[in-house]
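Here is a short report for a reader meeting this structure for the first time. Look over the sequence and the model, then read on.

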Amino acid sequence: MEANKKYPQGRHLTYGKFPSVFRYDSDGHFWKPRKRAGSVGHLTFIPHSCKEFFYLRLLLNVQVGCTSYKDLRTVGGYVHDSFREACAALHLLEDDREFIEAITEVAELGSGFSIRKMFANLLMPNSMSNPLNVWEKLWEMLADDILFERRRLLNNPDLVISLEDLQQLCLLDIDNFLRGDGKSLENYKFMPQLCYLNFDQLRAYQEIRSVVDNSVGSMFFVDGNGGTGKTYLWKTISYKLRSEGKIVLNAASSGIASILLPGGKTAHSQFQLPLVLSKESCCRIEKKSKKAELLIMASLIIWDKAPMIHIFAFEAFQRTLQDIMGEVDVKNADLLFGGKTVVFGGDFRQILPVVPKGTRDDIVNATINSSYLWRKCRVLRLTQNMRLQYSSDNAENESVALFVKWILDIVDGKIGDIEDGEAIVEITSDLLVKNVSNPIDRAILSPTLDVVDQIGVPVMLLRNLDVSSGLCNGTRLIIIYLGFSAIGMQIVSGSHRGDVVYIPRMSLVPSDANGVELETAAQRGVEASNSNLQSSVSKRIQAQLRTGQKSHVSLQAASGEPCREASDLWSPGDQRRALATMTSS
Ligand SMILES: Nc1ncnc2c1ncn2[C@@H]1O[C@H](COP(=O)(O)OP(=O)(O)OP(=O)(O)O)[C@@H](O)[C@H]1O
């Protein structure tokens with residue numbers, strides 16, 4: 001302030017910028033002009049708890065040319081009583097900007113750990129007027145070092161953590177700080193919450209956890225209808241174990257289900273399963289390879305949507321694990337899955353393995369519960385549908401419950417005359433959506449297998465091209481460019497919605513094709529298995545019923561949706577009879 005009185009050339013500088021032109025003489029306690037400019041200064045951090053000093057510091061970062069503290073408190077010619085009031089007049093406190101600035105500043109000086117602690121400390125006394133706003137603006141900064149720490153802890157420099165997982169890990173830390181003070185995130189309902197488990201999920205979690213903790217190894221199957229929270233359970237277990245530095249390998253039988261899992265991969269990619277499986281197959285994992293090392297280090301292996309894959313895949317995986325783990329200790333070679341804990345999950349009402357030209361019996365025999373492994377499997381059941389959000393309106397709840405029962409009855413074969421697993425089901429007109437502007441957003445099926453030939457046409461990808469970018473079997477896209485050898489598309493479903501991608505035109509030759517080729521990896525029309533629904537059907541679930549075309553209608557999918565309206569069935573014509581293929585085993 002004395003320098004401002006003396007040197008007019010410094011009056012346009014904030015306190016932080018002052019050292020760029022002036023030098024402080026610590027002996028004489030005064031500022032004098034620098035001979036050479038270029039120094040950078042910063043103000044010492046002052047915690048929010050220091051109240052007026054904190055606000056004084058905020059003002060020093062904004063006000064210029066002040067020659068007294070009174071000048072600092074003056075805004076628009078009015079002298080405020082406190083630094084805080086002056087900050088408010090300068091709009092420095094709107095939207096919790098003071099806290100955002102304070103956290104941002106500490107982030108430059110300290111670790112992510114310290115700013116997470118700071119955020120928790122601000123939450124505790126309810127200092128922030130809108131903590132959610134601060135969280136949304138800063139959470140990536142709060143989670144800044146988590147990925148680095150995890151890579152270091154797991155000794156895996158290539159580790160990738162999804163944004164959702166990062167948020168959970170960050171919240172977990174904040175929750176831990178709050179617990180130190182006898183509180184938890186639950187006390188702050190307006191904040192994003194940590195995963196909490198319902199009774200069935202908790203029981204399953206505890207059983208799996210105790211086996212992992214005691215390193216005894218076991219095989220589990222978590223059985224639950226769509227929406228009972230299997231994926232939620234996988235996520236919770238994964239977050240928890242990984243937060244303790246343990247390795248959890250997540251895989252799913254389908255690409256689109258795998259992108260819902262933290263660090264999930266398709267089972268084929270995760271376990272190097274051969275495409276053509278037989279009774280003697282083994283995974284293509286070399287004993288001394290990195291993949292084998294990872295499997296040895298893994299505390300838990302999760303395999304979602306297991307009923308979709310042929311039993312040969314599980315048996316191949318079990319043999320491979322015995323081989324790999326037998327190298328660690330010869331006794332492991334006789335243990336189930338080499339002594340590893342492997343948790344399978346899925347819903348037998350959903351899609352079962354595809355057996356080309358197979359009968360119903362062939363399909364049932366190819367399903368995981370027909371394997372010799374099943375006898376050693378502990379089945380854990382989830383029964384509460386978590387996707388259904390019951391409202392305070394009893395009539396609405398009743399209607400939802402009736403609708404769910406109707407869907408389950410169809411799948412259980414209680415409605416319609418079933419012939420060889422198929423039945424004609426009458427759909428009541430109140431379930432039909434007559435006009436729909438954007439069917440891609442609301443459709444489950446059905447394939448037309450037409451060649452992709454027009455811009456603006458909705459398509460579904462039929463190959464796992466790049467699961468981490470959301471390009472997998474089941475991803476929905478809209479054609480935006482048709483080139484000679486590449487097609488440009490925009491993703492319209494899942495977490496990569498809106499992304500523009502270009503994929504080469506390619507031939508699809510099924511392993512048992514006998515010369516049959518499909519035109520491109522993306523096929524016009526929509527067909528999704530139940531497992532594809534969560535990310536590919538975004539807002540509403542419907543079945544598109546095509547006159548005269550036999551479509552595989554996974555009606556039970558709709559049973560998990562939040563409300564009856566969300567489960568409308570769309571019929572382009574007046575087709576009200578759906579041919580539902582029963583897949584119940
Ligand atoms: N304990 C829980 N607390 C809050 N929400 C939950 C809980 N468990 C599940 N949910 C929510 O319920 C919905 C359905 O759960 P989830 O996707 O895990 O079911 P699912 O059994 O995997 O379904 P599907 O078999 O159709 O894939 C999701 O929106 C999930 O976030």
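## Ser218 and its contacts

Start with one serine. Leaving aside residues up to four places away in sequence, Ser218 touches Val211, Lys340, Thr341, Val342 and Arg378. This is a predicted model.

Ser218 belongs to strand β5, which covers residues 218-224. Is Ser218 buried or exposed? Its relative accessible area is 11%. Buried means under 20%, so Ser218 counts as buried.

## The chain as a whole

The chain has 585 residues, and 49% of them are buried. Its secondary structure comes to 18 helices and 20 strands.

The accessible surface of the chain comes to about 28,600 Å². Carbon and sulfur atoms account for 51% of that surface.

## Around the ligand

Which residues come nearest to the ligand? They are Tyr196, Gln201, Lys230, Thr231 and Lys305, out of 17 residues around the ligand. By type, the shell divides into four nonpolar, ten polar and three charged residues. Helix α11, residues 230-243, gives the largest share of the shell, with three residues.

Thr231 has a polar side-chain atom 2.5 Å from an oxygen atom of the ligand. For Gln201, an N or O atom of the side chain is 2.8 Å from a nitrogen atom of the ligand. Gln350 places a polar side-chain atom 3.1 Å from an oxygen atom of the ligand.

How much of the ligand does the protein cover? On its own, the ligand has 630 Å² of accessible area, and the protein covers 77% of it.

## An annotated span

One stretch of the chain carries a label from a record. UniProt, in an unreviewed entry, places the feature "domain: DNA helicase Pif1-like 2B" at residues 455-482. The annotation may be inferred rather than shown by experiment.

What does the model show for residues 455-482? The span is 39% strand and 0% helix. The C-alpha atoms at the ends of the span lie 7 Å apart.

Methods: Residues numbered from 1 in each chain as written. Predicted model: local features only at pLDDT ≥ 70, side-chain atom pairs only at ≥ 80, totals over all residues. Heavy atoms only, no water. Near = heavy atom within 4 Å. Polar contact = N/O pair within 3.5 Å; in protein donor to acceptor, adjacent residues only side chain to side chain. Areas by Shrake-Rupley, 256 points an atom, 1.4 Å probe, with all protein chains shown as cover. Helix = DSSP H or I, 4+ residues; strand = E, 2+ residues; numbered from the N terminus. Nonpolar A, V, L, I, M, F, W, Y, C, P; charged D, E, K, R; others polar. Buried < 20%, exposed > 50% of the residue type's maximum accessible area, 1.4 Å probe, protein only. Contact = heavy atoms within 4.5 Å.
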